[in-house]
Amino acid sequence: MSSLSMRLCQTENLIPVLNPFDGKEISQVKQTLALDVEEVLVKAHVGAQAAKALPRHQRASILDKAAYLIEQRNEQFARQITAEAGKTIRQATKEVARCVNTLKLSAELARSNEGEMIPFDAFPGGEKRKGWFTREPLGIILAITPFNDPLNLVAHKLGPAIAGGNAVLLKPSEMAPLSAMALVDILQEAGMPPDVVTLAIGGADLGAALVEARDVRMISFTGGFKTGEAISRAAGLKRLCMDLGGNAPVIVMKDCDFDKAIEACVSGAFWAAGQNCIGTQRIFIQRPLYNQFRGAFMKATAKLVVGDPQRMQTDVGPMINELAAKSIEARVNQALDQGAKCLHGNKREGALYHPTVLETVPHDCAIWRDEVFAPVVILEPFDDLEDALTLSNEVDFSLHAGIFTSDIDTAMTAIDRIQAGGIMINDSSDYRFDAMPFGGFKYGSMGREGVRFAYEDMTQPKVICFNNS
C-alpha cells in the first residue's frame, strides 16, 4: 500500500493492517481517536458493572468455553497470527496452544482464588473476632499489548482481569490487532457481556488519552522502556504493571551438555525472528569451549530456513515491517563500525532480516547495552564464572537469563548472583510457562504477569471482621 493510500485510510478513521512478509493489506480496522475516549469510558463503566455482577462460576464458564472455542479453531487463529505478525506457522500454532492454557488457568482462578480466613485470635484482643478477606475487582483496567504475541499476551491481560470481575479497555498494537479482536469476539460468543472488554485501536495520542483517564484504575502494559517511562509519568495514581523488555544473557560452561546448549541457544536467539523480550541476546561461553561452540552455533544457524512464514519448513519469518528490519540492520552496521565482527548474517530482504551472529562487540555500543528485539545474537568468551556473572549483570534490562552446566554448585551460584526475574538452568532464556510469575529486575519490568500474579494485581483485598464480644 502506498503512503498516500495509508494516509487516506487513516483520514477516514481506518487503519490498514499489512502482512509483514509481502506488505499486502490484509484488513482495515476502525481507528479510535483520542477525541473518542469519553465515549469509550462510558462503555467501560457499563462493562465494569456487568463484570462485577458476574458470579465466579459464570466468569469461569466464559473463560473455559472461550478456551474450548479457540482450541477448535486453532488453525484459523494460527494463520491469523502469521498473517498479521509474521510468526512462522509452527510458532503461531504454539502461541494458540498457550493462549488456550492461559484462559484455562484464568478460569481456575475465577473459581478458587477467593481470599482466605484471617486468624484474628493470633494476637491478644482478637479472641472474639472472626473474619476473612475477599478479592474484589479494581474496576476498569487499561491493557496495552504489543505485536509480537498478538494473541497470548492479550489473553494474559484479559483472562486474569475477567476472572477478577474487572472491565478492560484493550488497546492492541495497531500493527497486529486482528487476533486481539478475534479473541474478544470469542469471549463474547462464550457468554461475556459486550462491554466487559472495550476495544480501542489507535496510535500514541489515543494511548496517552487512555493512560491519563482518571477512571482507569490500573494499566497493564507490555512494550518498550521509553513508552513505559512516559506512561508512568502521565498515569497519576493508578496501579502499574509493565513488561519493558530484556537483554538476556546465557552462560555456557565447559561442563555443559554441548548439543543441548547449541540447540537451545539457537532457538532462544532466533525464535519469532528475535522479536521476543526474553530472547537470548548475549551468550557467554567458557574459553576452552568457545571455538567449538562458535563453529557448531554458526553451522546450526546456517541451516535455519528464512522466508515465507506460512510454509511449514520456515524457521525464521519477517520482522513486523521493513522499517524494523532496516533499523536493526543500521544498528548492526554501527556495531561493526565500532569494532564488532559479523560471523553470519546481516543480510536483509525487505522485512526479512537473516539470523545474525556477532562477536567482539564493544560493551559501550547500543547493540550490547539495549534490547535488540531482532534476530541478532552476540557470542563472547569468558575465563571464570565470576567474569560471566559480571557480564550478565552489566545491562539495565533483565527479564530472564540462562546457564548450561552439569555442576549443581555452579548453577546455585548463578541463581544467587544473576540479577533477573527468571533463571533457566540447562535451558535458554526464552522458556516461559504461563502460570509462573513473569517479570524482571532493574528496569526490565514493574510488577509481574503470569495468570495468578496478574489476577492478584488486578484485584484488591476487602477485610470482613465480626466482633462477637
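Tutor: Start with helix α3 (residues 56-72) and helix α7 (residues 178-189), whose axes come within 8 Å and cross at roughly 125°. That makes α3 oblique to α7, since angles under 35 degrees count as roughly parallel, over 145 as roughly antiparallel, 65 to 115 as roughly perpendicular and the rest as oblique. This is a predicted model, where local features need pLDDT of at least 70, side-chain atom pairs count only at pLDDT 80 or more, and totals for chains, interfaces and linings use all residues. Residues are numbered from 1 along each chain as its sequence is written, and side-chain values use heavy atoms, leaving out hydrogens and water.

Student: Which residues in α3 meet α7?
Tutor: Contact means heavy atoms within 4.5 Å. Ile-62, Leu-63, Lys-65, Ala-66, Leu-69 and Ile-70 in α3 meet Leu-183, Ile-186, Leu-187 and Glu-189 in α7.

Student: How many aromatic pairs are found in the whole structure?
Tutor: A pair of aromatic rings is described by the distance of the centres and the angle of the planes. Rings of Phe, Tyr and Trp (its six-membered ring) pair with centres within 6.5 Å; planes under 30 degrees apart are stacked, over 60 edge-to-face, the rest tilted. The search finds eight. One of them, Phe-225 with Phe-397, is edge-to-face, at 5.4 Å centre to centre and 80° between the planes. Phe-225 lies in helix α9 (residues 225-234) and Phe-397 in strand β17 (residues 397-398), so the pair ties together parts 172 residues apart in sequence.

Student: Is Phe-397 buried or exposed?
Tutor: Phe-397 is buried, at 14% relative accessible area (buried is under 20%, exposed over 50%, partly exposed in between, with a 1.4 Å probe and protein chains only).

Key: Axes fitted to C-alpha atoms, helices over the stretch in contact; angles between N-to-C directions. Helix = DSSP H or I, 4+ residues; strand = E, 2+ residues; numbered from the N terminus.
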